[in-house]
Amino acid sequence: MLESLSGHGGLVLLRDSVEWEGRSLLKALIRQAALRLVYHDLFQDPLNWSNTGEALPGGALGVLRAMRRRAGPGPVTIALDSLSWLLLHLPCTALCQALHALSRQDSHRDDSSPVEHVCVLGLLHEELHGRGPLEALSSLAQTEVTLSGTGGQASAHILYRRPQHRLTHKIQWFSILPDFSLDLQGESPLKSQPHPDPRTHPVDPTTHLTFNLHLSEKEKEVKDSLTLPFQFSSEKQQALLCRGLGQPTSRIFYEPDAYDDLDQEDPDDDLDI
Amino acid sequence: MFPELNNLLDASPDRPEPGKLTLLCDAKTDGSFLVHHFLSFYLKANCKVCFVALVQSFSHYNIVGQKLGVSLTAARERGQLVFLEGLRSAVDSFFRAEGEAPPLRFLREATAGSLQPLFQFVRDALEPGGPGAAGWARPVLLVDDLSVLLSLGAGAGAVLDFVHRCRARVCCQLQGNIVALVHASGDAEDEESELLLNGLSHQSHLVLRAEGLATGSCRDVHGQLRVLWRTPWPPAARGRSLTFQYKIQDKSVSFFAKGMSPAVL
């Protein structure tokens, strides 16, 4: 699995959650990569609370930068557990710059050694960060693996972002054996548009009713030719414009009789003043 | 300790698993019964326990402990239990002379500092070669609870760093265990609390989440307990995530499957 993830180098982002942890997958991938493993222990005392004087120069960021210079010939895999710790202790911009420098192929070396193939595996805990840092790291990554699952079965949603290629997306089901080897259990490439399930036919809701919802042809014609009362069409515009010139179509003739009192102040004659 | 909870977690005082961080969290209910369970569990397992108690006094835990069959006074006298009474220590940290480093020294600082003095207290308490350390099984750190540190002004990052450092020392170097309680506020606006809860969840091997019932309080079912094992190999035949409902009684807690309370059946 590591070859398919890291085939083109660059940053491989492993996004996990509280529900589906990703550290064991990271360990399994490290096991696949490790022909020669160099371990930098930043876990025991990263903030130098023991005051032993062995503080790392420049802290974690310095170690990251130093890693790039130390890489020997041949393909190199750098695993970071975890990027979340780095994001919580370093500014996001500094981390992104360091990751970008780590993962891009080196074209500025002075000697004539061949370009190295550097793959960076980073574990990121999704819930701990806001959208900004997550999107920034996501845009740096060539491959993004999001862990989830159903029931007891874990799955990895893999998104490949190759330059000048289309985005490809697939789901890989897997389990991790006690010796941290990966047991791949099938994959399903996601299609770009979800196809409707051929087994379920679209149900016509107008069948099996006790009343008739269908229109005959004549009724359809009448319906289509109907003008809506509040819709402003050209005919209505003409009718409004011609009102002043033509004869009124309806008038009211009023002849008051003896009992009518045209009192404008009290037309209903019900005020008791 | 509650025998039914031991059965659920497949744990026993005879064989406590080393090097684990167990996170207890509660949402809309009081999860302190889990703290009492683990306190009595590890005392019965003959472990050296450092208890950072920030919420209640010593006598409170002692009274509950006696109902569960352990005496905290006796444990403290024979050196098995190191108890930091946070309520007293907080007051002391204001009135102690300069030059001494009380564990809760960060309370005196105007800006949120680090919890390094508290870590040093824990480290000294669980030192393998220290006085009274001989004869005990692996060390255990118990914290009740971490959300109080947030309320007292420590930042979520500082608390996460403290737990990280304790984990490195207690779980990895000394092969001991850590159990910590944290409150889930359920309020999306409280970013520090959410960050602390999620950060701790990612560091832990086992998460026990006690929740109140969604439909309200009930006399016969006090809440729901969700157990999540954050490992690819959960205890066999259990699955990685279980949910039970519980009822707290005077000296025990009974657990049952959802909807299967004896009062309902």
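Mentor: Start with Phe2(B), which is found in the segment before α1 (3-9) of chain B; helices (H or I, at least four residues) and strands (E, at least two) are DSSP runs, numbered from the N terminus. This is a predicted model, in which local features need pLDDT of at least 70, side-chain atom pairs count only at pLDDT 80 or more, and totals for chains, interfaces and linings use all residues. Residues are numbered from 1 along each chain as its sequence is written, chains are lettered from A and ligands numbered from 1 in the order in which they are written, and side-chain values use heavy atoms, with hydrogens and water left out.

Trainee: Is Phe2(B) buried or exposed?

Mentor: Buried means under 20% relative accessible area, exposed over 50%, and partly exposed in between (1.4 Å probe, protein chains only). Phe2(B) has a relative accessible area of 5%, so it counts as buried.

Trainee: Which residues is Phe2(B) in contact with, leaving aside its neighbours within four places in sequence?

Mentor: Contact means heavy atoms within 4.5 Å. For Phe2(B), the residues in contact beyond those neighbours are Phe33(B), His37(B), Leu68(B), Lys251(B), Ser252(B) and Val253(B).

Trainee: How do I read the interface between the chains?

Mentor: Begin with the residues: 28 from chain A and 26 from chain B take part in the contact. Then take buried area, the accessible area (1.4 Å probe) that two parts lose on being put together, summed over both. Between chain A and chain B this is about 2300 Å², and carbon and sulfur atoms give 58% of that. Val18(A), Phe43(A) and Trp49(A) supply 35% of the area that chain A buries against chain B, more than any other three residues.

Trainee: How many salt bridges are there between chain A and chain B?

Mentor: A salt bridge is a side-chain nitrogen of Lys or Arg within 4 Å of a carboxyl oxygen of Asp or Glu. The count between the two chains is 2. One of the salt bridges joins Arg226(B) to Glu19(A), with the closest N and O atoms 2.9 Å apart. Over all chains, the whole structure has 13 salt bridges. In the pair that crosses between chains, Arg226(B) sits in strand β7 (residues 223-229) of chain B, and Glu19(A) in the loop between β1 (10-16) and α2 of chain A. Arg226(B) is partly exposed at 25% relative accessibility, and Glu19(A) is partly exposed at 26%.

Trainee: What about salt bridges within one chain?

Mentor: Look at where each partner lies. In chain A, Arg31(A) and Asp179(A) meet in a salt bridge (3.8 Å, N to O). Arg31(A) is in helix α2 and Asp179(A) in the loop between β6 (168-176) and β7 (182-189), so the pair ties together parts 148 residues apart in sequence. Arg31(A) is partly exposed, at 46% relative accessible area, and Asp179(A) is partly exposed at 42%.

In chain B, the side chains of Arg169(B) and Glu127(B) form a salt bridge (3.4 Å, N to O). Here helix α8 (residues 156-173) holds Arg169(B), while Glu127(B) lies in the loop between α6 (116-125) and β4 (137-144), so parts 42 residues apart in sequence are tied together. Arg169(B) is buried, at 16%, whereas Glu127(B) is partly exposed, at 30%.

Trainee: Which residues are linked in a network of salt bridges?

Mentor: Arg15(A), Glu126(A), Glu144(A) and Arg161(A) are linked in this way.
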